[in-house]
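Let's take a friendly walk through a protein model together. Have a look at the picture first, and then read on.

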Amino acid sequence: MATPMVAGAAVAAAALAGRYGILAWHAFKARPSVPRMRRFYEGGFQTSMTRREAALILGVRERVVAEKVKEAHRRVMVANHPDAGGSHYLASKINEAKDMMPGKSNNSASAF
C-alpha cells in the first residue's frame, strides 16, 4: 500500500520540477537582450590628449603594461588604417594615444 503512494509522490514531484524548469526557460528566453560588448566612447576628441582618452581610444585600462598597449594599438590600427579605407585623422589620434600611454620609452622615436 505504501509503494503506490511513494511512486505517486515521486511522479508529482517530477511533474512540478518539470513545470518549474519550463517556466524558468521561458522567462530566460523572454528577457531583454543586453549587448555583451562594451559601448563605444560617445564623445569627440579633446584638444590635448590625456591618458584617460588614450585608454578609451585603445580600449585598455589607464594603467596597463606596454605589451597590452602594443597589442591594442595593432588591433585598432588594423581596423582604421588609411591604406585600408580608414581616416588619416583617426590613425594619427590612435598613434598619439599609443605614444601617450605609459610603458613606451621616449628614446625609441626616430625621424627616419
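The chain has four helices and zero strands; helices (H or I, at least four residues) and strands (E, at least two) are DSSP runs, numbered from the N terminus. Along the sequence, the pattern reads α-α-α-α. This is a predicted model, where local features need pLDDT of at least 70 and side-chain atom pairs count only at pLDDT 80 or more, while totals for chains, interfaces and linings use all residues. Residues are numbered from 1 along each chain as its sequence is written, and side-chain values use heavy atoms, with hydrogens and water left out.

How much of the chain is buried? Of the 112 residues in the chain, buried ones make up 15%. Here, buried means under 20% relative accessible area, exposed means over 50%, and partly exposed is in between (1.4 Å probe, protein chains only). Contact means heavy atoms within 4.5 Å. Among contacts between residues at least 6 apart in sequence, 49% join residues at least 24 apart.

Two of the helices can be set side by side. Their expected span is 1.5 Å times one less than the number of residues.

| Helix | Number of residues | First to last C-alpha | Expected span |
|---|---|---|---|
| H1 (residues 2-30) | 29 residues | 42 Å | 42 Å |
| H4 (residues 88-100) | 13 residues | 18 Å | 18 Å |

Let's start with H1. The number of its 29 residues that are buried is zero, so H1 lies largely in the open.

A general rule is handy here: an α-helix has 3.6 residues a turn, so residues three or four places apart point the same way.

On the H3 side, Val69, His73, Val76, Met77 and Asn80 meet Leu90, Ala91, Ile94, Asn95 and Lys98 of H4.

His73, in helix H3, is buried with a relative accessible area of 13%. Leaving out residues up to four places away in sequence, His73 touches Leu58, Ile94, Asn95 and Lys98.

That list leads us to Leu58, which lies in helix H2. Leu58 is buried, with a relative accessible area of 1%. Not counting residues up to four places away in sequence, its contacts include Val69, Ala72, Val76, Ile94 and Met101. The C-alpha atoms of Leu58 and Glu71 are 13 residues apart along the chain and separated by 9.3 Å.

Just after H2, Gly59 takes a positive phi of about 75°.
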